[in-house]
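Subject: Handing over a structure

Hi there,

Here is the structure I promised to pass on to you. Have a look at it first, and then read on for what I found in it.

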Amino acid sequence: MSADYGQIVKDGLWKNNGVLCMMLGLCPAMAMTGTATNGLGMGLATTVVMASSSLMVALLRNYVTHEIRIPTYILMVATNVTVVDMVMNAWLHELYKVLGLFIPLIVANCLPLARMEAFAAKERPLPSLVDGTCVGLGFTFALVLIGGVREIIGQGTLFADAALLLGPAFKVIELRIMPADWGILVMILPPGAFLVAGLLVVAKRMIDLAASGKTAAAGVATSA
Amino acid sequence: MSEIRPAWLHAAILGGFCTVFGTALALTDGATREPIRQRALEDKMASLAQVIPGTIHDNNPVSDSITLPGRDGTETVVYRAMMGNRATGFAYEVTAPGGYSGPIKLMLGIAPDGKLLGVRVISHKETPGLGDKIEVAKSDWITRFTGLGMGDPPAEKWAVRKDGGQFDQFSGATITPRAVIGGIRAGMEFFAANAPRMMETR
């Protein structure tokens with residue numbers, strides 16, 4: 001398999017999108033998307049861990065035997081997450097106060113593990129780094145989308161508290177879409193996450209179907 | 001796969017990785033422990049400043065602290081605000097059990113007459129976007145306790161509205177505010193039980 005970076009980017013961001021197509025990493029995608037800002041925070045933290053873990057797996061791929069690859073990968077992700085957690089707490093404390101809540105949850109995400117198994121374990125380091133980053137960004141995209149829809153319908157805002165995550169300069173993206181007393185609580189609660197995620201999966205398939213109809217491409221469903 | 005590798009080889013490789021990653025974790029822990037402790041201390045001083053107004057004391061409460069035994073054998077460090085020789089406020093940490101995901105740590109500031117100078121959440125693991133409205137950065141909910149005390153409102157009103165109390169829960173979360181209010185109550189009871197010892201001047 002030669003590295004086709006365009007394909008890797010396209011697959012990671014859209015075609016094989018972790019949440020919307022592969023249906024992986026749904027636990028954080030459901031739990032952390034009450035607002036678009038939370039989705040963004042969780043997505044970015046996951047992207048960092050995915051990129052570094054994929055790179056590490058690719059570098060060590062010739063030393064890990066097939067039989068013990070799963071425990072080794074879990075060990076790598078867990079170590080990465082813990083190191084990131086401690087380092088951020090010590091030296092990026094302001095960011096940690098906002099993002100710290102999300103970091104331990106990355107260990108419970110099977111998306112990094114899936115990409116290691118499906119991609120990084122067989123590929124050279126650079127394509128693996130690109131793959132990890134792009135799948136992570138695709139994950140971020142999906143989470144921001146789910147979070148945004150839930151936030152607008154659930155509490156009428158978009159990117160509330162973004163300034164806490166990204167700095168005061170981003171105060172401008174904190175929008176109020178609906179009147180202040182607007183709020184459909186179920187969208188903030190877990191059922192809202194399932195509803196929105198399900199509808200977005202449908203929307204993605206419909207977009208893909210429409211696109212493939214034009215280009216007469218084969219099918220929609222793909223495998224990693 | 002051309003041949004079956006012996007089991008000890010896998011064990012050795014896995015053991016090797018465990019050693020390497022374990023060492024990496026230990027090194028990171030060693031390097032970050034002191035800075036993390038420092039950050040936690042800074043956070044504590046910042047939250048202390050929020051619950052004891054700077055205008056009521058001329059000492060440094062962080063350096064003027066006394067340690068009192070709590071109910072369950074734990075120790076509570078009480079930071080004292082002094083104006084001249086007179087105690088004008090006390091601040092201490094209260095751990096509120098029963099949060100949605102684990103205990104919630106609060107910092108309480110209380111005046112000698114038992115009225116709350118302020119309450120802040122130091123650390124919690126509540127659901128982002130839902131239970132985290134107890135943080136002052138996200139919502140002003142926590143500021144409503146300032147100026148209140150045991151008896152004002154009466155003890156039975158120290159609860160969320162759903163439990164017959166006078167404090168609003170916020171939409172989607174009752175457990176979190178219930179735990180916080182319970183913690184504040186426990187903190188005020190602690191003050192009532194220990195007030196004489198807190199007032200003692202050295």
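Let me begin with chain B, where buried residues make up 29% of the 202 residues. A residue counts as buried if 20 or more other C-beta atoms lie within 10 Å of its own, as exposed if 12 or fewer do, and as partly exposed in between, with the C-beta atoms placed from the backbone.

Before going further, please note that this is a predicted model, in which local features need pLDDT of at least 70 and side-chain atom pairs count only at pLDDT 80 or more, while totals for chains, interfaces and linings use all residues. Residues are numbered from 1 along each chain as its sequence is written, and chains are lettered from A and ligands numbered from 1 in the order in which they are written.

Back to chain B. It has two helices and five strands, and along the sequence they follow the pattern α-β-β-β-β-β-α. Helices (H or I, at least four residues) and strands (E, at least two) are DSSP runs, numbered from the N terminus. The radius of gyration of chain B is 23 Å, whereas a compact globule of 202 residues would have one near 17 Å. That radius is taken over C-alpha atoms, and the globule rule is 2.2 Å times the number of residues to the power 0.38. Along the principal axes, the C-alpha atoms of chain B fill a box of roughly 80 × 45 × 30 Å. Among the contacts in chain B with a separation of 6 or more, 49% are between residues 24 or more positions apart; two residues are in contact if their C-beta atoms, placed from the backbone, lie within 7 Å.

One residue of chain B that you might look up is B:Phe167, in the loop between strand S5 (116–123) and helix H2 (175–199). Is B:Phe167 buried or exposed? B:Phe167 has 21 C-beta neighbours inside 10 Å, so it counts as buried. Apart from neighbours within four places in sequence, B:Phe167 is in contact with B:Ala159, B:Val160, B:Arg161, B:Pro177 and B:Ile181.

Now for chain A. Its secondary structure comes to nine helices and two strands, in the order α-α-α-α-α-α-α-β-α-β-α from the N terminus. Chain A has a radius of gyration of 18 Å, close to the 17 Å that the globule rule gives for 224 residues, so it is as compact as a globular protein of that length. The box filled by the C-alpha atoms of chain A is roughly 60 × 55 × 30 Å along the principal axes. Of its 224 residues, 48% count as buried, and residues 24 or more positions apart account for 76% of the contacts with a separation of 6 or more.

In helix H1 (residues 5–15) of chain A, A:Ile8, A:Asp11, A:Gly12 and A:Leu13 are buried. These buried residues of H1(A) pack against helix H7 (125–155) of chain A.

Some helix pairs in chain A are worth a look too. Helix H3 (residues 36–59) and H4(A) pack at about 135 degrees, with their axes 10 Å apart; axes are lines fitted to C-alpha atoms, for helices over the stretch in contact, and angles run from 0 to 180 degrees between N-to-C directions. That makes H3(A) oblique to H4(A). Angles under 35 degrees count as roughly parallel, over 145 as roughly antiparallel, 65 to 115 as roughly perpendicular and the rest as oblique. On the H3(A) side, the contact residues include A:Val48, A:Val49 and A:Ser52, and on the H4(A) side they include A:Tyr73, A:Met76 and A:Val77.

The axes of helix H4 (residues 69–91) and helix H6 (residues 110–120) of chain A come within 10 Å and cross at roughly 135 degrees. The contact is made by A:Tyr73, A:Ile74 and A:Val77 of H4(A) with A:Pro112, A:Leu113, A:Met116 and A:Glu117 of H6(A).

Finally, H3(A) and H6(A) pack at about 35 degrees, their axes 10 Å apart. Among the residues making this contact are A:Val49 and A:Met50 of H3(A) and A:Pro112 and A:Arg115 of H6(A).

As for how the chains meet, the contact takes 24 residues from chain B and 29 residues from chain A.

Best wishes
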